[in-house]
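Open the model in your viewer and keep the sequence panel beside it. This tour says what to select at each stop and what is there.

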Amino acid sequence: MDRQLVRVSHRTVLNIRGGVFTLVFVVFCFHNLTRYWSSMGKTRVGFVSSSGRLGIQTPPDCTGLNQHEGFASECEFIMAYPQCNSDGFFNYLNFFYCSCENYASVGYIVLILWLAALFYLLGNTAADYFCCSLEKLSNLLRLSATLAGVTLLPLGNGAPDVFASIAAFAGTDNGDVGLSSILGGAIFVTCVVVGTISICVADKGVSIDKKCFIRDVCVLLLAVVSLAVILLIGNVSIGGAVAFVSIYVVYATLVAANEFFRNRMGGLKLEASVPLLSVTQLDGPENLESKDLESDDMSSSASDDVPHLVESKVPHWMWSSNVAIYSEVHGQGSEAGSNPLWGWNEDVSSVHENKDSSFSWSKLFSWLELPLILSRRLTIPMIEEERWSKGYAVASVTFAPLLLAFLWNTQHESQSHVVTWLIYLAAAVLGCALGGVAFICTRPDQPPQKWLLPWVLGGFFMSIVWFYMIANELVALLVAFGLMFGINPSILGLTVLAWGNSMGDLMSNVALAIHGGEGVQIAMSGCYAGPMFNTLVGLGICMLIGSWSNRPESYTMSGDVGLFINIGFLVLALFWALVMLPRNRMQPNKSFGIGLMVIYVTFLGTRLGMSIGSGSLDNAT
């Protein structure tokens, strides 16, 4: 009975959270519509009042918002200078200073709730959509557990960080926010998460693999030092960006090659070839070999024109372990009847068996949550057996082109109305054609068995589109908060954005480590593998996008001294780990964990103190 109440209350909390987030979303949509209607056929007051002002020039970056010199209020300042508008879909500054001009507390509550909603949507999209597509893609490509562990698996767990940094560079042109977010997340994970794990498992006497640990930390050190060199130079070319990403490509190739040769050579053990995340050790070599034989039998029995999905060699929960706290589908439980990662296996059907008052509230908020769920289900193709719906499948391939057309038109607002409507018309025709094909070729009782790759790639691509939209909105909101509170947005990226994107790492890795055994090895590997992937691939892609857009000239990187302070503390944390763990015979203990915590607290105090002292908390660079 207690277990059922836990399930009911947990599901109720999820529904309340989704319902509140949806209400905030409706508020912003209504605000934008009223602004659009009110601006039809009349000139905004801000532009009229500013036209006759002499001596007031357009500020380059909207830093004079809080002083609003020459204007009666911040609202008039925003109306006069449209460059103060955020690059997201919603104008947060207009909402706060104009719509909530006399109700500042309401504006704060709505914006903070929307910030939490964006973090939730970013993690939930990764857990319930993006990682599912990656898992199916790994199955279709028949990747080994090791190869999946160094390619697709880190992308799934690091997707929020990677796409938030890409959105900061490409979407809102706030590269400092992206850099600070990646470095801040790396320091948080390598200090706070590793420190927490060390304190929690200090009394268990668990040892981690020395060669695997040293390898991962040294590669992360190489990545951080390479980034410092690029920042010191001040610019990066296309070749430099490719070389930066290639560090991870070479690393992943060597790990996969070593594992391949180790398996080929049978009894020969190469300890240094332990995969990035030790996924092959979870089920034991005997079980893994039997799974491989079973998979080969399944793939050989399938006909050439019907490529059935084989069973994944990587445990299902690992695909979204760091963002599992945002999932509402799989309940975060591991497979094969083992203990669930978060303490319970969510059984949605059992929740509705309870007929008390909590059921009615849960049902109410579940209806309110629908817009957040439907908007993605209607545009992201999914072919999971347990989530298959022919109606959703047909709708997703129909509406996905319309969403892409909407994004294209919002990014090219200067084009003529004729071109805009032609793009919408072409997207509608393409969507109807794809929807018709999907309706004819799919069955209501099971996912498609043919042409699986287009379905999986479609879900993969549309998940990335949603990542871009959500991450771009998240960065735009942080920039708006920076202007509202007079804080440099890079400081918010270093703290708020880094903390929000690292909560999954904290909870999942600590939960894995507490279970003991191989969980400690996997958790510790993930604490260094994740930041390594985010730094090399996430920032590498950002540099590549920036240098490609600036070709033939190099892309200018930020020379903020604060970034070098971030790198310095990250290097200090990595050296502390390299010295203390081997000294303790590779057994995490309390002194090691407390030392990492002290490093992080010192880092945070130093950065905030520098910001206050230099005036960057007032948006100074």
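## Stop 1: helix 18

Select helix 18, which is mostly covered: 20 of its 26 residues are buried. Buried means under 20% relative accessible area, exposed means over 50%, and partly exposed lies in between (1.4 Å probe, protein chains only). Helices are DSSP runs of H or I with at least four residues, numbered from the N terminus.

This is a predicted model, in which local features need pLDDT of at least 70 and side-chain atom pairs count only at pLDDT 80 or more, while totals for chains, interfaces and linings use all residues. Residues are numbered from 1 along each chain as its sequence is written, and side-chain values use heavy atoms, with hydrogens and water left out.

From its first C-alpha to its last, helix 18 reaches 36 Å, close to the 38 Å expected at 1.5 Å a residue. The expected span is 1.5 Å times one less than the number of residues. Now select Ser 502, where helix 18 bends by about 40°. The bend is the angle between axes fitted to the seven residues ending at a residue and the seven starting there.

## Stop 2: the largest cavity

Helix 18 is also among the elements that give two or more residues to the lining of the largest cavity. A cavity is a set of points on a 1 Å grid over the protein atoms alone where a 1.4 Å probe fits but cannot get out, and lining residues have an atom within 4 Å of a point. About 250 Å³ of space lies in the largest cavity; this volume is the space filled by probe spheres set on the points, which are joined across faces, edges and corners.

Select Asn 322, Asp 505, Gly 526, Gly 530 and Pro 531, the closest to the cavity's centre of its 26 lining residues. Next select helix 19, which gives the most to this lining, with 7 residues.

## Stop 3: charged pairs

Side chains of opposite charge can pair when their charged atoms come close. A salt bridge here is a side-chain nitrogen of Lys or Arg within 4 Å of a carboxyl oxygen of Asp or Glu, and the count comes to 4.

Select Arg 215 and Asp 216, whose closest N and O atoms are 2.9 Å apart in a salt bridge. Both Arg 215 and Asp 216 are buried.

How values were computed. 1 Å grid on protein atoms, 1.4 Å probe; cavity = no way out; pocket = protein on both sides within 12 Å on 5 of 7 lines; lining within 4 Å.
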